[in-house]
Amino acid sequence: MKTTKLMERIKSIIKNLSSKYLLLPLLLFSAPLAAQTENSSGVSPTTAFYVVVVLLIVVAILVMLLAVSLLSLLKAIVNKGMSPEKKASLEKEPSWFAKTWMKWNDLKPLEEEQDILLDHDYDGIKELDNHLPPWWKALFYLSVVYAVIYLLVFHVFKTSPLQEEEYEIAMALAEATKSQKEETLVIDFDESNVPFADDAEALADGKKFFEAQCGMCHKADGGGLAGPNLTDDYWRHGGSMTNIYNTIKNGVPNTAMIAWESKLNPIRLQNVASYVKSLRGTNPPGALPPDGELYVEESNSKEQ
Ligand code: HEC
């Protein structure tokens with residue numbers, strides 16, 4: 001009879017454990033795992049680190065719960081052999097949980113702090129022997145756990161790279177993509193035959209560069225400031241795609257218009273020149289008056 005009762009108790013504990021506590025860690029788990037599967041090209045070391053952290057915390061929680069359940073089971077077994085008086089006296093005592101909870105909350109409220117002031121008095125500064133609030137202690141213990149995991153991951157098992165290595169990996173990766181790009185990039189034009197880049201991406205790239213680097217002299221809208229207006233039909237050095245590309249690439253000697261060749265790769269140069277060309281007729285407010293010679297667009301000459 002006794003053993004069947006015991007078995008029932010074990011069963012109920014297992015049931016309790018699995019229904020209440022297993023669901024939460026499972027939910028916790030599913031988030032990083034789902035994030036992982038999305039990125040099939042490989043998990044970043046940081047993701048791996050956090051997955052390990054979550055895993056370890058979940059395992060720690062499970063072990064704790066299991067330990068508590070086993071303890072209560074043990075208590076039940078021990079209680080069985082006890083006299084009723086002993087049992088009654090034990091039952092009066094608060095449970096392990098209650099005791100722990102009380103211990104965590106033994107912080108004295110502000111009104112009662114008078115009672116726990118120590119005798120020390122340093123120039124009017126007195127020492128208080130109060131306990132820390134439970135949330136603070138919880139954070140402290142969690143950070144200790146985190147530190148141990150961090151140490152293991154980064155310095156013992158070295159499963160994740162440290163900052164410096166991470167930097168080197170990123171640089172190597174960038175270098176690899178760069179050289180790969182350069183290999184596939186064929187520049188089949190120069191100033192004599194540069195075509196107008198009319199796709200939105202190229203023009204957006206040109207616009208971004210123009211506003212950041214050329215706007216200070218030509219104004220962000222191209223209306224002209226220290227440098228001439230780039231939105232009208234009058235050009236000092238010609239308004240064709242070839243002319244504009246050439247002016248930007250080689251600059252105008254002895255003026256503030258420097259040669260941009262060393263700062264821009266040919267594609268970006270083409271994008272900027274195309275953007276400048278696309279400004280024609282935008283008529284921004286406050287633009288400088290026409291300057292230079294009238295450039296008449298040849299038919300279909302954006303291509304020129
Ligand atoms: C430090 C000021 C300055 C900056 C920055 C500058 N420019 Fe100029 N730009 C000038 C000046 C000044 C001229 C006129 C040169 C001359 O006297 O012929 C000029 C001329 C030009 C012309 C020829 C205009 C014409 O009438 O033929 C173009 C095109 C041009 N700039 C494009 C650009 C682009 C694109 C950038 C950015 C990559 C840029 N500029 C950056 C000062 C500047």
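Author: Happy to. Let's begin with Ser240, which is placed in the loop between strand S3 (234-235) and helix H9. Please keep in mind that this is a predicted model. Ser240 has a relative accessible area of 4%, and because that is under 20%, Ser240 counts as buried. The side chain of Ser240 also has a partner: a polar contact of 2.9 Å joins it to the side chain of Asn243.

Now to the cavity. The structure holds 1 cavity of 30 Å³ or more, and the space in the largest cavity comes to about 30 Å³. Its lining is made up of Asp233, Trp235, Gly239, Ile244, Lys277, Arg280, Tyr295 and Glu297. Sorted by class, that lining has 4 charged, 3 nonpolar and 1 polar residues.

Next comes the ligand. What surrounds the ligand, and which residues are the closest? The shell holds 23 residues, and the closest are Cys214, Cys217, His218, His237 and Met257. Two of these names return when we look at atom pairs. The side chain of His218 has an N or O atom 2.8 Å from a nitrogen atom of the ligand, while the side chain of His237 places an N or O atom 2.5 Å from an oxygen atom of the ligand. Arg236 takes part as well, with a polar side-chain atom 2.6 Å from a ligand oxygen.

Three helices each supply at least two residues of this shell: H8 (200-218), H9 (241-250) and H10 (266-278). H8 gives the most, with 6 residues. By class, the shell around the ligand has 16 nonpolar, 6 polar and 1 charged residues.

The space taken by the ligand is the second largest pocket, so let me finish with the largest pocket, which has a volume of about 750 Å³. Its lining counts 15 residues, with Ile61, Met64, Thr100, Trp104 and Ala138 nearest its centre. Helices H3 (45-80), H5 (96-104) and H6 (134-156) each contribute at least two residues to that lining, and H3 provides the largest share, 6 residues. In the lining of the largest pocket, 14 residues are nonpolar, 1 is polar and none is charged, whereas the lining of the largest cavity includes 4 charged residues.

Terms used: Residues are numbered from 1 along each chain as its sequence is written. This is a predicted model: local features need pLDDT of at least 70, side-chain atom pairs count only at pLDDT 80 or more; totals for chains, interfaces and linings use all residues. Side-chain values use heavy atoms; hydrogens and water are left out. A residue is near a molecule or strand if one of its heavy atoms lies within 4 Å of it. A polar contact is a pair of N or O atoms within 3.5 Å; within protein, one must be able to donate a hydrogen and the other to accept it, and residues adjacent in sequence count only if both atoms are side-chain atoms. On a 1 Å grid over the protein atoms alone, a cavity is a set of points where a 1.4 Å probe fits but cannot get out, and a pocket is an open set with protein on both sides within 12 Å along at least five of seven lines; lining residues have an atom within 4 Å of a point. A molecule sits in a cavity or pocket if more than half of its atoms lie within 2 Å of its grid points. Helices (H or I, at least four residues) and strands (E, at least two) are DSSP runs, numbered from the N terminus. Ala, Val, Leu, Ile, Met, Phe, Trp, Tyr, Cys and Pro count as nonpolar, Asp, Glu, Lys and Arg as charged, and the others, Gly among them, as polar. Grid points are joined across faces, edges and corners, and a volume is the space filled by probe spheres set on the points. Buried means under 20% relative accessible area, exposed over 50%, partly exposed in between (1.4 Å probe, protein chains only).
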